[in-house]
Amino acid sequence: MINYILRRIAYAIPILIGVNLITFTLFFVVNSPENMARMHLGMKHVTPEAIDKWKQDHGYDKPLLLNSAVPGSAKVIDTIFFEKSVKLFAFDFGDSDDGRNIRHDIRQRMWASLAIAIPVLIVGLLINITFALLVAFFRATYIDLWGVVLCVVMMSISGMFYIIGGQYLISKLLHLVPISGYDTGVEAAKFLILPVIVGVIGGIGAGVRWYRTIFLEEMGKDYVRTARAKGLSEVRVLFRHVLKNGMIPILTGVVVVLPTLFMGSLITESFFGIPGLGSYTIDAINSQDFAIVRAMVFLGSVLYIVGLILTDISYTLVDPRIRLG
Amino acid sequence: MPRAGRICIVRQSMAVYGNFTKRSSTALNLGTIVRSFIPCSLVAAMALQLAGCGNRDWNNPYPESETNQNIHYSSFFERPKHLDPAQSYSSNEIEFTGQVYEPPLQYHYLKRPYELIPATTTEIPKPIFVDKDGHELPANAEADRIAFSIYDIHIKPGIRYQPHPAFARDVSGAFLYHALSPAQLDHIDALADFEETGTRELTADDYVYEIKRLAHPKLHSPILGVMAEYIVGLGEFGATLKSEYEKLEKAKGEGFYLDLTQYPLEGASVIDRHTYRIKIKGKYPQLLYWLAMPFFAPVPQEADIFYTQPGLKAKNITLDWYPVGTGPYMLTINNPNREMVLVRNPNFHGEAYPSEGESGDAEAGMLKDAGKPLPFIDRAVFKLEKENIPYWNKFLQGYYDTSGIASDTFDQAVRFDAAGEATLSEEMRAKGIRLVTTVQTTTSYMGFNMLDPVVGGDTERARKLRLAISIALDYEERISIFLNGRGIAAQGPIPPGIFGYREGAEGINPYVYNWVNNVPQRKSIDAARQLLIEAGYPGGVDPQTGASLIINLDTTVSGSPDSKAGLDWLRKQFKKLNVELVIRGTDYNRFQDKMLKGNAQLFGWGWNADYPDPENFLFLLYGPNGKVKFQGENAANYSNKEFDALFVKMKNMDNGPSRQKVIDQMVEIARLDAPWIWGLHPKEFGLYHAWFRNAKPNHMANNTLKYKRIDPELRSQKRAEWNAPVVWPLWVILIVLVVATIPALVTYRRHETRVER
């Protein structure tokens, strides 16, 4: 297994270089260093000299990908791409273009993202499994039919509707929790209730439908028929056998998203005023802060790769037939 | 009472549990219901209690300990980029720096037109003019004889800085935190983690130090370019600093302190402990306005030394994030990802609320606090609020003290009476909210690129085409449809509130408007069509193509429905002349590039006043400020020799009839040439809760928090009244859920029974 993991990490390096190159290309297709300088210096009284000075101080005064003015390997090394990329692989994110330390910001903001993402994941998982089992149990009845219809309806509604509707109903009309905001410690609870409820409800439609399919597939298998033939009650069949085997694809699906929970949610964080990493990224894109954009894309890629590796490992743990070699 | 209400709810929930428990012994299926219901109820109840734990208002986003405290609650939309006074320029930055830093001058809070008064100085400095040989000239000397203007600025003695660790010293007098060890840094995550603080008196050195900082090679002061044109030697000083910094960087690496006091600057020097001198090239009366901005606020050298330590930079503890000032407030919490908190500076030197204002201020109650010591508010909490909807709802719940009005909430807040005056809606009036409207010192216009062969140039043909389009674009309609009446159509480049603006009949643009029944009335579309004929485009037809004339509008496109509707409206306006408007939508970066290269034909642009002087608007049409040739702010690339000559004359004049006459001439030239479709001056609509007092919009001053007053008791009372929790729908939902499970349980029992057979 160790060899497998090392091999996967080695595969990850060219992937990360590729992701970094694509991010770099896409960013600079839309923005030029001059535009970035103008954005950071403000729109008034900006002189060409000030723009040149900003570019020089922030390392954007070199060619983007290839420096044809210098000989040898410096053609590649003495470029914005190389200088900005190489430190990322040591997880040295440096400073944002407005001078803040990115690592410090990430460490500070990831907790806010996790404070929402983890409860949404756990509570959502429990509720989705419960409803999926219920619908599967009553398969081919009116509960199954209307349950699936409801799921499709819930899937079809925009996430924004849940957020605005939740804020309107729970906070504005009923005055039960604050509409938005964030705090640390115990005080955080009152701010997290609403986004967690909204996150869970927004995920029920897709989650229940998926898990229902998994459970129904399991319920059609031979071992379930055998269990029923042995005279086990339907509840026991469901909880002892179907749930246990159905959890394999569910848990491996969860493992892959675990690392990316750090990255937060763009819309939820924005509407609820949660200072997480989701809003950090979108702010950086809006303010043309390439230092943050590249750091967050890089971090997201690393976490996704970690998630995939963990998924592979989790397969071996839950299914003894699988061996990583 | 709110607290009693909570107790009632707890009792109600217990009663519900009791009823179900009683029935559980009689029915098996209901027992299952109860077993599933009780945990659900408990979870819901616990969640609700947790949410309301200790609070009278469950939806109160602030800690209960802050109830009844003298705290102002506001928000910020995006985190400020810079709080270093040498760098910060945006309004969302100056909202904070303006309360912490004290430049030498400030604007009178109440008087209009805007008037400068001393902040830390003993008086408004008066310049001494000298010729090129150093001989003093009389105050009314011709501008071209003046080689230098010398401003000696006297600051009040005894002003002290806020408590700050940069000033902390040990018993021997050495600074405690100027050489932090890694062990000391381990325990530091925010400025508040430093145990010791100190202070010292404000001196003239601090003002001179900040002027030198404008040229620091690692700071990117947006006004360095402008100031280098005026402050003697500042440009050369910047070059010296740059070369010295590079030398030192090679020797020491990154993150060292560059001692600016070692490098003299002719244009800024210390005379004595409380006097410093600024030497300006020629005559530049607008300098006084700059002296009211944080760019010229004092920065103590100790703060720069303290913050330059690399260990602090890695923790985002820098002068750019933790300002050090002498103002009425100090920034104690700066978490721009969540909240920023200003707290009353215990060392503030004191200042009194103004005892005079403009007419109507006394009647409006603005002088009730006359002579009382400032500031009134103890703390100001600014929360990050990125979306309008939550912000607006929190304002209505009483959790923010003030609000603007977004387009989507305008109808909820404002009604127009029969006379067309904006008034509050019934809902707002019931809450005791006040509406204050003011015209902003801003102009929003559409410019013609004067370098364009069709719409540009000084030919009669192009001029008449521009005028025809100016008449056809009905800005009154635009303001009514898209701004809910929040603006006034512009008659020229100067907005109301700025010297040079003329009211009434003498202020209208006679090429676009007639004066009818004491109001300006846009000329008829027939007048525009006639101009089009005279321009050589009869019926809007371009004789070269035989088809409708095509005009290209370069603009940034957001893709929002409002933006699309606005562009459709523009096309419709041009259609009145049978002219085809082609929208060339692009992103902001491409738009900027087009403007710099002069590739636009017609474009939208705007300008916010830096200071209340007509020069700050008329320079937007000054030829040597052309965007294409000189990278200046004259986006239309307008150039008229007569206008330019008058501008040079006007900019150095003092306000008075002579200056007004020159401005009138300039405005007349610009109106006739029509390089801009003059557009509009936006109107600001501000909503204020009843407990928020002394609120008067001031578009020039940025240090106005000290004048505001809060009535915390009234606020608490209103919040409790408006935010009583409503819990019965939760019980209804639970009951519905329970009832809905009954058929499922029946089905389950049937199913189980069938299996057992």
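Reader: Let's start with B:Asn637: is this residue buried or exposed, and what is its relative accessible area?
Author: Buried means under 20% relative accessible area, exposed over 50% and partly exposed in between, using a 1.4 Å probe and protein chains only. B:Asn637 is on the buried side, because its relative accessible area is 8%.

Reader: Before we go on, what pLDDT do side-chain atom pairs need in order to count?
Author: Residues are numbered from 1 along each chain as its sequence is written, chains are lettered from A and ligands numbered from 1 in the order in which they are written, and side-chain values use heavy atoms, with hydrogens and water left out. This is a predicted model, in which totals for chains, interfaces and linings use all residues, local features need pLDDT of at least 70, and side-chain atom pairs count only at pLDDT 80 or more.

Reader: Back to B:Asn637, then: what is its phi?
Author: Most residues other than glycine have a negative phi, and most peptide bonds are trans. B:Asn637 sits in the loop between α20 (627-630) and α21 (641-651) of chain B; helices here are DSSP runs of H or I with at least four residues, strands are runs of E with at least two, and both are numbered from the N terminus. Although not a glycine, B:Asn637 has a positive phi of about 55 degrees.

Reader: And what about B:Asn484, what is its phi near?
Author: You'll find B:Asn484 in the loop between α15 (475-482) and β17 (487-489) of chain B. B:Asn484 counts as buried because its relative accessibility is 18%. Its phi is positive in a residue other than glycine, near 50 degrees.

Reader: Which residue is joined to B:Arg112 by a cis peptide bond?
Author: Look in the loop between β2 (105-107) and β3 (116-118) of chain B. With omega at about 0 degrees, the cis bond joins B:Arg112 to B:Pro113.

Reader: What is omega near for the cis peptide bond from B:Leu374 to B:Pro375?
Author: B:Pro375 lies in the loop between β10 (339-344) and β11 (379-384) of chain B. The bond from B:Leu374 has its omega near -5 degrees.

Reader: How far apart in space are B:Lys132 and B:Phe148?
Author: B:Lys132 is in the loop between β4 (128-130) and β5 (136-137) of chain B, and is exposed because its relative accessible area is 72%. Along the sequence, B:Lys132 and B:Phe148 are 16 residues apart, while their C-alpha to C-alpha distance is 7.4 Å.

Reader: How much area do chain A and chain B bury between them?
Author: Buried area is the accessible area (1.4 Å probe) that two parts lose on being put together, summed over both. The contact, meaning heavy atoms within 4.5 Å, takes 67 residues from chain A and 73 residues from chain B. Of the area they bury, 52% is on carbon and sulfur atoms, and the total is about 5900 Å².

Reader: Which residue of chain B forms a salt bridge with A:Asp95?
Author: A salt bridge is a side-chain nitrogen of Lys or Arg within 4 Å of a carboxyl oxygen of Asp or Glu. The rule finds six across the interface of chain A and chain B. For A:Asp95, the closest N and O atoms are 2.7 Å apart, and the partner is B:Lys313.

Reader: What is the radius of gyration of chain A?
Author: Chain A comes to 14 helices and zero strands. The radius is taken over C-alpha atoms, and the globule rule is 2.2 Å times the number of residues to the power 0.38. That rule gives 20 Å for 325 residues, so chain A is more spread out than a compact globule, its own radius being 25 Å.
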